[in-house]
Amino acid sequence: MAFDGIMTAAVVRELKENILLGKIDKIYQPEPDELVLNIYTKNGVRRLYSTVNSAAASVRFVDKNPVNPPAPLNFCMLMRKQLLGGRIVAVEQKDSERIIEIFIETMNELEFTVSRKLIFEMMGRHSNIILVDYESGKIVDSIKHVSIDVNRARQLLPGKKYEYPPAQDKKPFKEASPDDLDNAGDNGKAILASIGGISPAFARELALNNKRFDYLRSVMDRIAEKDFYPVVYIDDNNTPREFYCVPLTEYEETCEPLLFDSLSGMLGYYYENRDVTNRVRQKSHNLVKSVSARLDKLYLKKQRLLEDLLKAENSEDLRLYGELLTANIHRMKTGMKEITVTNYYDGTSVTIPLDPRFPPNKNAQNYFKRYGKMKTAIKEKNVQLEETGQNIDYLESVLTYLNNTDKINEIDELRTELEEQGFVRARKQSKRKKKKFRPSPIKYRTSDGFEVLVGRNNKENDYLTTQLAAKTDLWLHTKDIPGSHVIVRLGRSEATETTIFEAAGIAAYHSKARASENVPVDYVKIRHVKKPAGAKPGMVIFTDNRTVYVNPALPPADDSERAADD
C-alpha cells in the first residue's frame, strides 16, 4: 500500500481545506481501533474517520457514521471530555513522516482555554492515535497503549512525555537534494533504502524518471496547489491493487485506473473493496473459534452420554443378580469371590461375582443398589442428552449465520445473542448498557409479488415467527439443517407453487446447505408452528408440514430488497 509521507502531505492538504477552524461537535469510537470526529464547519458537518488497523491505517472523510457499540469505550469517553466543543486551529504533517497533527483549542473544567494536539501515526502495525497536552507535551491518552514490555525504546502511556518515533537513517524526501536523489541508486529498492518517507511504489516511479528531483518537486507543488488526481488501480478481478495521489506508471498497463475527486473517496473505495472480507473474517474469527470449541465439547459430551446410556440400559443383569443372590442366600458365605447359581427364568447356570469383604445379604443389596442408580441415571442422562442436543442445534445455527454473513453489524448482533445465552463472556460495554433489539430482517419479493422475510439470527427468527407473522402466513425452514426462518406474507391469498419453490430456494440459500443441491425444505402455515416454553432462541416445533426439494437460489435482483436498516 502506498500510504507514505507524500500521501500524508496530500491528506493534510485536504484536511486543511475542509476542517480548519471547524468545531468538534461529536466523537464516536465504532471499534477499538477506530475514531470518528464530527466537525462542524462553514460548509456543513464533516466526518473525519481514522483507523489504526495495521492493514488499513488511514485518515479520511466518510459520508456517514459507522455503526457504534451500545456504550462508548473508555478512550471515546475521554476524547469527548477533552475535545468536545474544541476548535481546530492547525493541521500539520510532522516533517516527511506518516504523522498528522491536529492542533485544537478547547476549554477545561475551569473554563480556561487549553491547547491539545491530536496525533495520528499511520505506520502499519505501529499505528496509533495519541492525544497530547500541548503545553506540557505529556500524553493524555492513546487509542493503543504501548508499555515497556512491548517497546523498550518508546512507550505510549498516559502521563508520559510524548516522543516522536525514532528517525530512520535515511534522507527525508522533503530535505532531499538533487544529488541525494541522483545518487540513491538505479532501482526502486535502492532509492527506498536511501530516501525516507516514500513508499516502494513511489520509489519505483522515481527510478523510472531521469529527472528525479524535478519530478518530486512537481509532485509536492501539485499537492500544495491541490492539483493532483487520486487514483486506484484495479486488476481484472476488480480487486484494488494500489492507490496514490498521482499516477504510477508500473500499474498503468496492467491495471485499470479509477480516478476520484478526493483523497477520501479514493481511500474509502480502496479499503472498503479490498478489506471488507478481511475485516469480516477478523471480526468473526474469535467468535467462530469460540463457538466451534464449544460445539466440539458438546459433541464429546453427547458421545459420552450415549455411551453411559448404553451401559445403563444393560443394567437388567444387576437386577437379575440381586434376585438370584437373594434366592440362594443360604448357599453363600462371607469371603466368597463368586457363586454359580441356576437362573430360574431360563434354567441356565449363571456365575455371579461377589465382594469377599461383605456378607451374602450385603452383596445382594449392592446389586439392587447399583441397579437403582442405573435406572435413575437413565432418566438424568436422557435429560442431559436432550439439553445437549438443543445446545448443539442452537450453536450450529449460530455458526451457520456466522459463516453466511458478510456484514460486521450482523456479527455484532450474533455476539450479543451468544452473550445473552451465556455461551461467550459479555464485553464490558455490554454489561454497562444493553442495546435495544431492533429487528431488521432480509426482505425479498417473489415473482408472484409476495413479500418474503428472512431472519439474520435466532432472535430475528423468534420475532418473525412468534410476533410478526400472521396465522395464515407461510413458514419455511430447511429440513434437519441449520438455517433461517423464512416467512411468506400471504395476507388473504394462498401460496402458489411458484411462490413455495422460490421461498424454499431462499430458505435453502440462507442455511448451512447453501453450497448444496436438492436441499429438503419444510413448509407449513404459521398456525402449526409453536415455540416450546423455555426453548432457546430460534427453536420451534411444527406439525402438518410438507417438504419440497430445491436448489439454493435468490430471486432476481430486481425482485428483492434489503430491509431499510440493513
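Modeller: A word on terms before we start: buried means under 20% relative accessible area, exposed over 50%, and partly exposed in between, with a 1.4 Å probe and protein chains only. This is a predicted model, so local features need pLDDT of at least 70 and side-chain atom pairs count only at pLDDT 80 or more, while totals for chains, interfaces and linings use all residues. Residues are numbered from 1 along each chain as its sequence is written, and side-chain values use heavy atoms, with hydrogens and water left out.

Colleague: Okay, Glu410 then: is it buried or exposed?

Modeller: Glu410 lies in helix α11 (residues 408-420); helices here are DSSP runs of H or I with at least four residues, strands are runs of E with at least two, and both are numbered from the N terminus. Its relative accessibility is 8%, so Glu410 counts as buried.

Colleague: And which side chain does the Glu410 side chain make a polar contact with?

Modeller: A polar contact is a pair of N or O atoms within 3.5 Å; within protein, one must be able to donate a hydrogen and the other to accept it, and residues adjacent in sequence count only if both atoms are side-chain atoms. For Glu410 the distance is 2.6 Å, and the partner is the side chain of Thr405.

Colleague: Next, Ser484. Which backbone oxygen does its side chain reach?

Modeller: Ser484 sits in the loop between β19 (474-478) and β20 (486-489). With 3% relative accessibility, it counts as buried. Beyond its neighbours within four places in sequence, it is in contact (heavy atoms within 4.5 Å) with residues including Tyr401, Asn461, His477 and His510. The oxygen its side chain reaches, at 2.7 Å, is that of Gly455.

Colleague: How many disulfides does the structure hold?

Modeller: A disulfide is a covalent bond between the sulfur atoms of two cysteines, and here it is taken as a pair of cysteine sulfur atoms within 2.5 Å. Take Cys255, buried at 7% relative accessibility: the nearest cysteine sulfur, that of Cys245, is 17 Å away. The number of disulfides in the structure is 0.

Colleague: Which strands stand at the edges of the open sheet of 3 strands?

Modeller: Two strands pair if DSSP finds at least two bridges between them. The order is β13-β12-β14, with antiparallel pairing, and 4 bridges join β12 to β13. Each edge strand has a single partner, so one side of each is left without a neighbour in the sheet; these are β13 (240-244) and β14 (256-259).

Colleague: Last one: which residue takes a positive phi in the hairpin of β5 and β6?

Modeller: Strands β5 (residues 87-93) and β6 (residues 99-107) run antiparallel, joined by 6 bridges, and Ile88 stands opposite Ile104. The hairpin has 5 residues between the strands, and the one with a phi near 50 degrees is Asp95.
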